[in-house]
Amino acid sequence: MNSRIADIQSRMIALQTQQAAKTAQAQPATAQPGAAGDDFAAKLQEAMSGTTGAAGRSYTLNSKGIPTELAAYGNGKIPANALEQVGNTRHKLWAPAAQDLNRMIADAKRDGVTIGITDSYRPYEEQVDLARRKGLYSQGGLAAKPGTSEHGWGMATDLDLDAKAQAWMRKNADRYGFVENVPREPWHWAYKPKTA
């Protein structure tokens with residue numbers, strides 16, 4: 001009985017996520033990309049709405065800090081419609097994380113700092129392969145146990161950072177919801193959404 005209830009709840013959350021994505025796509029844009037003053041227009045819109053990108057929104061998290069909408073899918077099983085592309089790369093993250101990462105990369109660029117990306121969302125099969133090739137973190141390797149990776153939630157990214165970019169990240173990343181939380185991996189940055 002409990003598994004049936006959990007299945008129904010996960011389907012309801014998936015439908016709500018899909019509907020939210022459709023609603024967001026249907027809303028008209030306030031500024032044309034590349035138009036003169038669109039940085040000002042975007043900042044003005046954020047100020048008037050009381051939010052600052054996805055970081056301004058809050059989410060219901062489970063006991064492990066995972067948004068309930070993602071937890072319903074399972075680690076490494078996030079559907080494509082819940083992910084969003086990072087810039088013009090092949091990398092994807094959970095949509096709010098991707099939005100804030102894109103904003104962070106753009107802001108860093110305005111400060112003369114280049115932030116590259118080397119890894120993002122990892123489906124479960126990729127987590128298994130990575131653990132086989134690089135070993136488990138708990139045993140001195142570089143991979144989380146498959147099914148537990150922050151990458152499997154679409155909430156972690158591995159970044160290509162020189163010393164200037166690393167210093168910029170350490171000073172500014174928390175404003176965008178990102179934290180450096182793996183001691184042996186200064187390139188690994190996890191997204192921590194605000195709670196509802």
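Some ground rules. This is a predicted model, where local features need pLDDT of at least 70, side-chain atom pairs count only at pLDDT 80 or more, and totals for chains, interfaces and linings use all residues. Residues are numbered from 1 along each chain as its sequence is written, and side-chain values use heavy atoms, with hydrogens and water left out.

Now the overall picture. The protein chain has six helices and eight strands. Both are DSSP runs numbered from the N terminus: helices are H or I with at least four residues, strands are E with at least two. Along the sequence the pattern reads α-α-β-α-β-β-α-β-α-β-α-β-β-β. Of the 196 residues, 37% are buried. Buried means under 20% relative accessible area, exposed means over 50%, and partly exposed lies in between, with a 1.4 Å probe and protein chains only. The chain exposes about 11,500 Å², and carbon and sulfur atoms supply 54% of that. Those areas come from the Shrake-Rupley method with a 1.4 Å probe; for residues, only the protein chains shown count as cover.

Contacts next. A contact means heavy atoms within 4.5 Å. Take the contacts between residues at least 6 apart in sequence: 64% of them join residues at least 24 apart.

Back to α5, residues 124-134. Q127, L130 and A131 are buried there. They cover an arc of only 100° around the axis, so they sit on the same side of α5. The arc is taken from the directions from the helix axis to the C-beta atoms. In general, an α-helix has 3.6 residues a turn, so residues three or four places apart point the same way. On the other side of α5, E125 and R132 are exposed.

Not counting residues up to four places away in sequence, P146 touches Y124, Q127, V128, A131 and L136. P146 and A131 are 15 residues apart in sequence, yet 7.1 Å apart in space, C-alpha to C-alpha.

On to the sheet. Four strands form an open sheet in the order β4-β5-β7-β6, with antiparallel pairing. Two strands pair if DSSP finds at least two bridges between them. The edge strands are β4 and β6 (178-179), and each pairs on one side only.

β5 covers residues 156-160. Four of its five residues are buried, so β5 is largely enclosed by the rest of the structure. Three bridges join β4 to β5, and three bridges join β5 to β7, residues 188-191.

Last stop, D119. Where does it sit? D119 is in β4, residues 116-119. Its bridge partner in β5 is D158. D119 counts as buried because its relative accessibility is 18%. Leaving aside neighbours within four places in sequence, D119 is in contact with H91, H151, T157 and D158. Its side chain also makes a polar contact with the side chain of R122, at 2.7 Å. A polar contact is a pair of N or O atoms within 3.5 Å; within protein, one must be able to donate a hydrogen and the other to accept it, and residues adjacent in sequence count only if both atoms are side-chain atoms.

That's my tour. Over to you.
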